[in-house]
Amino acid sequence: MARIQGGHVLNVTFYRPPTKLLEGAELDRKTRDAEWSTLMRAALAGDEAAYRKLLDDLSRFLRGVVRRGFAGVGIARDDVEDVVQDVLLAIHLKRHTWDPAMPLGPWVLAIARNKMIDGLRRRGRRPEVAIDLQQFDIEGEDQQASIDAHDVQRVLSGLSERNRDIVQSISIDGHSARDVADRLGMTEVAVRVALHRSLKTLADTYQEKVE
Amino acid sequence: MKTDDLIKALAADAKSVEPPIARTLAAAVAVGALLSLVLFLAMVGPRPDFAEVASSSVRFVFKFVVTLSLAISAFLLVRGLSRPDFKPDKRLWWLTLGPGLLLFGIALEMMSVPSDTWHARMIGHNSFYCMTLIPLLSLAPFAAVLYALKAGAPANPTIAGAVAGILSAGIAATLYASHCTDDSPMFVAMWYPVGFVLMTVLGALIGSRFLRW
């Protein structure tokens, strides 16, 4: 890929508290934020189904955010999906930094912003950190959910065979931790620990590529 | 890997959530401060007339007003700075409360003591200890807070690290102030900042690399 030097202003915005009466998009955003916050609270209490629904919603939202942010920089569609996955991993590993008294949307966007800057750096761009904070309401996007992103795949191949097996059985094959534990002759707790460690490794490896 | 598959893996890991970052930070400060306190008691300890001056000397008590206002404002800021969506904006001004009070104290001192004693008060007797003990006693809280911040997601790792440095120096300076017999605000303004600046710069340098996520 050509290395383009020079600045690029990321087009991400942060949520601003409404300054006038809520109308249209503003109201939608409030409702959406409230729903996300409720789901995240349930997820933090260990509710897997709520968490999965939240991550599904967020991935659609983030796809729009990242694509809009990278518009005009010549970032390939697969690369957008790589960044979306990096953001999802960061959301997962940093979810204890969300303050349940605050709306979830701005927190998600702050993480997305950080990872988009990393994503540009990794691709040889030097992003201007002065981020353009304009109003935006990004429609969710679905059409890429089925595209394979390469970064995570590459990182997966660096895991130990057993950990890779565990991650793939749970993610791609959709097995439960219980089933995987039975098949591998491990305890369910050990499988969960291995899964968690592997997810951390995935996130760390992304990070190393930036540095 | 498809994003939907990744989501399945993340959802399966839902129960792995860490304690809230504010709680981790509070624990780190408590442990770090306790370690420094033990080190302080083992090395020098409070001055012999501590109980007496604590109840009779305004200058002595004022040292703690200054160091604690820095430590507390730095702690409140670090708690926010550990989150990605926190924008400090004007809250960084909290850090000027301690130095501001100190300037006020110096003005009072200038009005209440003759000017030919200013120099001696400023130089004091303990400058070497002051410059070495404050950084030394900072180390435990500094390491603990940086380690806790590593579990956070600071939007600006350099600033988060720098304020962690101020926080640790604030704790150290509070301990040191109970040992030091130089109570003039002129002495405090002359020598205490050495440790603060050192820890702040160190925090910014380490934070900018170690606290990225």
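Reply: Start with residues 129-136 of chain A. Their pLDDT (the predictor's confidence in each residue, from 0 to 100) stays under 50. The model gives this stretch 15 contacts beyond four places in sequence; two residues are in contact if their C-beta atoms, placed from the backbone, lie within 7 Å. Where pLDDT is low, the predicted coordinates should not be read in detail.

This is a predicted model, where local features need pLDDT of at least 70, side-chain atom pairs count only at pLDDT 80 or more, and totals for chains, interfaces and linings use all residues. Residues are numbered from 1 along each chain as its sequence is written, while chains are lettered from A and ligands numbered from 1 in the order in which they are written.

Now the rest of chain A. Its mean pLDDT is 78, and 72% of its residues reach 70 or more. Residues 1-6 of chain A have pLDDT below 50, with 6 contacts beyond near neighbours in sequence.

Chain A has 8 helices and 0 strands. Helices (H or I, at least four residues) and strands (E, at least two) are DSSP runs, numbered from the N terminus. Of the contacts in chain A with a separation of 6 or more, 75% join residues 24 or more positions apart.
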